[in-house]
Amino acid sequence: MGGGRGGQWLHLAGVCLGVALLASIIGNALWNQASRRLPLSMLGQMIVFETVFAFVYGYVWEGRGPALVEILAILMMIVSVIWCVRAHAPPRGAEEPPH
């Protein structure tokens, strides 16, 4: 390793460690909360957001925006999640059960 490259490897290791800790600890805590509060059929829909964020990170990495067909596909995924959330929402005017 050259003088400048050693610092780059150290930076990479630090970023990897930070992302791993955040994804493991915070992501796990959020997923646990979601799994307790949402119906089982909704948990599968939450995975769609993981895919959407992967797209966003990929576009940032490549330094470009999504093509029209990619935008349409992402919108269709998001609309399907919203549709599912509405299907599982309690009827309007219904009382919420005590927690």
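Helices (H or I, at least four residues) and strands (E, at least two) are taken here as DSSP runs, numbered from the N terminus. With that in hand, S35 sits in helix 1 (residues 3-37).

A quick word on the ground rules. This is a predicted model, where local features need pLDDT of at least 70 and side-chain atom pairs count only at pLDDT 80 or more, while totals for chains, interfaces and linings use all residues. Numbering runs from 1 along each chain as its sequence is written, and side-chain values use heavy atoms, with hydrogens and water left out.

**The chain as a whole**

The protein chain has three helices and zero strands, so to read it along the sequence is to read α-α-α. Of its 99 residues, 9% are buried (under 20% relative accessible area; exposed is over 50%, partly exposed in between, with a 1.4 Å probe and protein chains only). The chain exposes about 8400 Å², and carbon and sulfur atoms supply 71% of that; the areas come from the Shrake-Rupley method with a 1.4 Å probe, and for residues only the protein chains shown count as cover. Take the contacts (heavy atoms within 4.5 Å) with a separation of 6 or more: residues 24 or more positions apart account for 50% of them.

**Helix 2 against helix 3**

The axes of helix 2 (residues 40-62) and helix 3 (residues 68-88) come within 10 Å and cross at roughly 155°. Axes here are lines fitted to C-alpha atoms, for helices over the stretch in contact, with angles from 0 to 180 degrees between N-to-C directions. The two helices are therefore roughly antiparallel (over 145 degrees; under 35 is roughly parallel, 65 to 115 roughly perpendicular, the rest oblique). Helix 2 brings S41, M42, Q45 and F55, among others, to the contact, and helix 3 brings residues including I74, V81, C84 and H88. By type, the contact residues divide into 13 nonpolar, five polar and one charged (Ala, Val, Leu, Ile, Met, Phe, Trp, Tyr, Cys and Pro are nonpolar; Asp, Glu, Lys and Arg charged; the others, Gly among them, polar).

**Two residues up close**

C84 belongs to helix 3 and counts as buried because its relative accessibility is 15%. Setting aside neighbours within four places in sequence, C84 touches M42 and Q45. S35, at 32% relative accessible area, is partly exposed.

| C-alpha pair | Apart along the chain | C-alpha separation |
|---|---|---|
| C84 and S41 | 43 residues | 8.7 Å |
| S35 and M46 | 11 residues | 9.9 Å |
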